[in-house]
Amino acid sequence: MFNSLKRVIQAGYKSFSRNIGLSLATVFIMILVLILLTFLFLLRPTADILIQGFEEKIDISVYFKEYVLGEDVLSIKESIKENPDIKEIEYISKEQALDAFEQRHKDNPVIMESLKEIGFNPFVASLSIKATEIDKYEQIAEYLEASPYATLIDNIDFFERRTVIETVASLNESIKSTLFIFIFILGMIGFLVGFNTIKMGIYSLTEEIKVMKLVGASNWFVRGPFLIQGIIVGGIAALAALLITLLLSYGFDTRVQFFIPEISIFNLFTNNFWSIVLLQFGAGIGLGIFSSIIAIRKYLEV
Amino acid sequence: MIALHQVSKIYSSRQKSGPPTIALDNVSFSVDRKEFVSLVGRSGAGKTTLLKLIIAEERPTKGKIFFDSKDISKLKRFQIPYLRRKVGVVFQDYKLFPKKTTYENIAYVLEIMGKKDEEISWEVSQVLEIVGLKNRAYNFPSELSGGEKQRVAIARALVHRPDVILADEPTGNLDPYNTFEIIRLLNKIYEMGTTVILATHDRELINILKKRVITLEEGKVIRDEQRGRFIL
């Protein structure tokens with residue numbers, strides 16, 4: 001048993017090294033496939049960061065009636081922050097609202113003049129609310145309207161901002177589903193390219209496989225060296241792909257950040273390092289073994 | 001040792017309406033241990049099909065084939081390698097492994113049988129001595145002449161001491177000098193006690209051998225003589 005295993009491994013290694021041209025061509029294709037798979041793997045968290053960025057910019061404001069005191073709003077804030085759909089809640093006092101308005105329009109003399117004409121602070125206290133998920137805003141608005149504080153609330157701007165919020169939500173959904181289809185199709189292409197490269201390599205050895213069977217080799221003795229070769233090809237390709245993707249993510253990190261400041265592909269790479277190692281070695285070796293087993297199957301029927 | 005009882009092999013046509021090809025038609029004969037039998041006939045007479053049936057590369061359409069009293073047409077797929085290890089096959093086009101050296105080509109058969117390295121080394125050197133290729137042990141097939149390749153093929157067929165050697169037109173691609181060299185080798189193997197079944201259409205060769213000759217024509221045995229001659 002041990003003897004046979006040793007021979008299968010030796011035969012696999014010899015076959016790899018003696019068919020070095022074909023072996024290297026297969027390794028090269030596999031490297032490309034693994035780089036593609038790594039890129040697709042990192043695309044998901046990248047899109048998540050971008051989507052999160054859109055969602056971060058969205059909130060709703062709850063404006064209270066003129067007579068509601070600041071401390072009452074603060075106590076309402078305390079009681080509604082228990083709601084599991086609310087991620088963040090910020091109290092904005094009348095003064096803060098005025099400051100923010102002045103800051104925003106300080107270069108517009110007409111507005112500043114009008115504000116002075118009014119002679120008092122026209123702003124009301126409000127709560128700025130961020131939901132855990134974009135589709136929770138409606139539930140939060142309904143919850144507030146049905147709450148005991150509803151009589152104190154003057155306006156919830158969800159109803160004015162509803163279209164914007166829903167557009168962002170549906171945009172995010174379509175980004176996610178398009179991405180899924182994109183990843184699936186490219187992943188399948190990668191898989192088929194890798195599979196066919198190994199299949200072609202084995203196809204060129206059809207006659208040899210037949211002779212092995214005719215001189216009395218069992219199916220496993222024929223298959224074994226091809227599996228070892230698949231492991232060697234997959235392993236080398238994974239190692240090379242890991243190095244290349246690491247260098248690429250490091251080299252292009254600042255360039256990508258220049259266009260999309262939220263994204264550091266090097267950080268993304270290092271944060272997912274072990275998953276990437278697993279993906280590359282798993283996909284490389286797995287594809288090598290799987291393709292060999294499937295491709296050799298019909299030639300063993302001698 | 002090998003017995004065929006009313007064996008027929010019919011290949012159906014690839015085209016649905018085409019007629020089937022009858023490769024062997026009701027063939028019966030037996031071969032004893034330590035016998036040298038030549039199968040002769042024109043190309044397409046059924047010689048190669050017959051050898052393929054003996055190593056279970058093909059299954060008969062009708063009839064039974066016995067190897068050591070076992071019906072090989074009923075062998076399960078996983079049992080076939082064990083049958084083939086009792087047989088050594090020499091092909092017209094050698095069928096050597098191009099990326100293995102002479103030594104490795106011959107050793108392969110012993111490796112699949114799970115022999116130890118020392119045993120393999122000893123057996124291979126012995127057989128290389130017999131076929132006169134000791135100095136070619138580490139050459140690849142592409143570095144050998146046709147005659148040398150066929151001697152490697154014979155060494156590979158012989159190394160595991162099979163019960164029988166099947167040689168399918170082993171001299172078909174060789175010049176007269178190498179042809180006689182190969183026949184001399186097969187004769188030597190026979191004299192050492194191995195059954196040899198030689199398929200050929202070389203008239204001169206058969207007439208020199210003066211051994212049992214089974215003549216096939218259009219898939220049928222038309223003659224079976226103990227000290228036969230090539231008559232067609």
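Reply: In this predicted model, the side chains of B:Asp117 and A:Arg7 form a salt bridge with an N to O distance of 2.8 Å. The term requires a side-chain nitrogen of Lys or Arg within 4 Å of a carboxyl oxygen of Asp or Glu. This pair runs between chains, from helix 4 of chain B, which holds B:Asp117, to helix 1 (residues 2-18) of chain A, which holds A:Arg7. Helices here are DSSP runs of H or I with at least four residues, strands are runs of E with at least two, and both are numbered from the N terminus. Side chains of opposite charge can pair when their charged atoms come close.

In total, 6 salt bridges cross between chain B and chain A, while the count over all chains is 25. The same interface has 9 residue pairs in polar contact, with both residues at pLDDT 80 or more. A polar contact is a pair of N or O atoms within 3.5 Å; within protein, one must be able to donate a hydrogen and the other to accept it, and residues adjacent in sequence count only if both atoms are side-chain atoms.

On the chain B side, the elements giving two or more residues are helix 2 (80-84), helix 3 (102-112) and helix 4 (117-131). Helix 3 of chain B contributes the most, 5 residues. Sorted by class, this side has 10 nonpolar, 2 polar and 13 charged residues (nonpolar: Ala, Val, Leu, Ile, Met, Phe, Trp, Tyr, Cys and Pro; charged: Asp, Glu, Lys and Arg; polar: the others, Gly among them).

As for extent, 25 residues of chain B touch 21 residues of chain A, where contact means heavy atoms within 4.5 Å. The two chains bury about 2,100 Å² between them, and carbon and sulfur atoms account for 54% of that. B:Arg84, B:Lys99 and B:Tyr108 lose the most area in chain B, together 26% of what that side buries. Buried area is the accessible area (1.4 Å probe) that two parts lose on being put together, summed over both.

On confidence, the model scores ipTM 0.90 and pTM 0.75. Chain B has a mean pLDDT of 91, with 98% of its residues at 70 or more; pLDDT is the predictor's confidence in each residue, from 0 to 100.

Residues are numbered from 1 along each chain as its sequence is written, and chains are lettered from A and ligands numbered from 1 in the order in which they are written. Local features need pLDDT of at least 70, side-chain atom pairs count only at pLDDT 80 or more, totals for chains, interfaces and linings use all residues, and side-chain values use heavy atoms, with hydrogens and water left out.
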